[in-house]
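User: I would like to go through this model step by step. Please take the questions in turn.

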Amino acid sequence: MDFAAAADVARTTEHVLAGFDDDYWRTHCQDRKHPAELWQALARADLLGLGLPTDYGGVGGGVTHAAALVEATARFGRPLFSLLTTYICGELLLRHGDDKQRARYLPGIAAGECRFAFAITEPDAGTNSFAIRTTARDDGVEGLSLAGHKCYISGVDQADVVVVVARTTPRSDVDDRRQGMALLLVDPQAPGVSMTPMSIEMPAPERQFDVWFDDVRLDHGCVVGEPGRGFDYLFTVLNPERLLTAATQVGIGRRALDLGVRRARERAPFGVPVGSYQAIQHPLAHAHAQLEAAWLMTMHGCAEYDAGRSAGTEANVAKLLAAEASQHAFDAAVQTHGGAAFDDDAGLTALWPLVRMGRIGPVSNEMVLNHLAEHALGLPKSY
Ligand SMILES: Cc1cc2nc3c(=O)[nH]c(=O)nc-3n(C[C@H](O)[C@H](O)[C@H](O)COP(=O)(O)OP(=O)(O)OC[C@H]3O[C@@H](n4cnc5c(N)ncnc54)[C@H](O)[C@@H]3O)c2cc1C
């Protein structure tokens, strides 16, 4: 595990973030505006080129380095959904895109000029991605026609490209439910794409959207890899996505813990700091231990993935532990604050949606446990 490299990335990230104060961040979250100056500063520090080869303007490294980046942004109170989706879509193109697609998009990612959104969730399918109804029909001559409805799509209004998961062959015509799906590179401003913001409170610059595709015309160059194999490709990047989600949750949990410890040192209703009582110390210390263990597992999973292994079990364990650890850290911080936790100025109310989201998306802890039961323990598939 390359802890030193991860620590270097974290230090550089902290240095960049220190240039953008709370007001800058709050304004962009309130206005749901892309923090362009911050994004450019991350690019100038080579942090957006992590995981990309130098041939494409990147600086090399892998998911280990990207995890350090997203952990630091979350710990600093600057979580960005688009950092994670852009990294994962870059990884997808690196692994499965053609030369033209790589040359078109990857240098832009590294330079901070190309951001991605990712669209798989649909109102009726939800967790069951195999049941999606969005279709991409090939007319045999000019290209494809995309039609369907996605929901919860983060930052699609600010993205340059959205990777859309769609069916190319009806479910009834394929033997395996994984077949007959495509990953499509779509311009969110293309004719036929419309979007409406959902009413979701998240302390982040990106909003979530309902997105409709109404006969969106796409040429064949928009398809990643072979048209029917989209799910195979997607499965190769689910583990790094889970690892980056775990890293984000560790960062959010550490932020909550920092706030809790600070309050524990300062607040003294009986003349001594509340942090001197074991009833307050122990939950904080316990949360610290859980966050450290989750981070270690995240780094272990990243090292496995960067060494060319799938890291399925490691990524799922890390995601589960990190989501639980951040929730425990948050709860300990709230209890330490007492009533003050509910004052927005304490910084905890803003963290709550981010903490709780960690157990739901991009994959829920129930699905993570399903995966571990089936693949790590060899138990029968339960659904
Ligand atoms: C803030 C936010 C941002 C998001 N960003 C994006 C995005 O950018 N792109 C995108 O495509 N999606 C996005 N999503 C969607 C997110 O990935 C889904 O909400 C998540 O995958 C869960 O799906 P669902 O909400 O449909 O839950 P449902 O499928 O309705 O599930 C409900 C509950 O049942 C449980 N459950 C379902 N099936 C099983 C089973 N077989 N075994 C055990 N338990 C089960 C689930 O774990 C869950 O707890 C976002 C969501 C939010 C809230």
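**Helix packing, domains and ligand**

User: Is the crossing of α9 and α11 left-handed or right-handed?
Analyst: Helices are DSSP runs of H or I with at least four residues, strands are runs of E with at least two, and both are numbered from the N terminus. A crossing is left-handed if the near helix is turned anticlockwise from the far one by less than a right angle, and right-handed if clockwise. The crossing of α9 and α11 is left-handed.

User: What should I know about the model and its numbering?
Analyst: Residues are numbered from 1 along each chain as its sequence is written. The model is predicted: local features need pLDDT of at least 70, side-chain atom pairs count only at pLDDT 80 or more, and totals for chains, interfaces and linings use all residues.

User: At what angle do α9 and α11 pack?
Analyst: Axes are lines fitted to C-alpha atoms, for helices over the stretch in contact, and angles run from 0 to 180 degrees between N-to-C directions. The axes of α9 (residues 312–337) and α11 are 10 Å apart, and the packing angle is about 145°.

User: Why is α4 called roughly parallel to α7?
Analyst: Angles under 35 degrees count as roughly parallel, over 145 as roughly antiparallel, 65 to 115 as roughly perpendicular and the rest as oblique. The axes of α4 (residues 63–75) and α7 (residues 230–266) come within 7 Å and cross at roughly 30°. That angle makes α4, relative to α7, roughly parallel.

User: Which element gives the largest share of the side of domain 1 that touches domain 3?
Analyst: An automatic or database assignment sets the domain bounds, here domain 1 (3–115), domain 2 (118–228) and domain 3 (232–376). Domain 1 gives 22 residues to the contact and domain 3 gives 21 residues, where contact means C-beta atoms, placed from the backbone, within 7 Å. On the domain 1 side, α1 (3–17), α4 and α5 (81–96) each give two or more residues. The largest share, ten residues, comes from α4.

User: Which residues come nearest to the ligand?
Analyst: A residue is near a molecule or strand if its C-beta atom, placed from the backbone, lies within 6 Å of it. There are 22 residues around the ligand, and those that come nearest are G126, T127, S364, E366 and Y383.

User: Between which domains does the ligand shell lie?
Analyst: Two domains give residues to the shell around the ligand, so it lies between them: domain 2 (118–228) and domain 3 (232–376).

How values were computed:
Contact = placed C-beta atoms within 7 Å.
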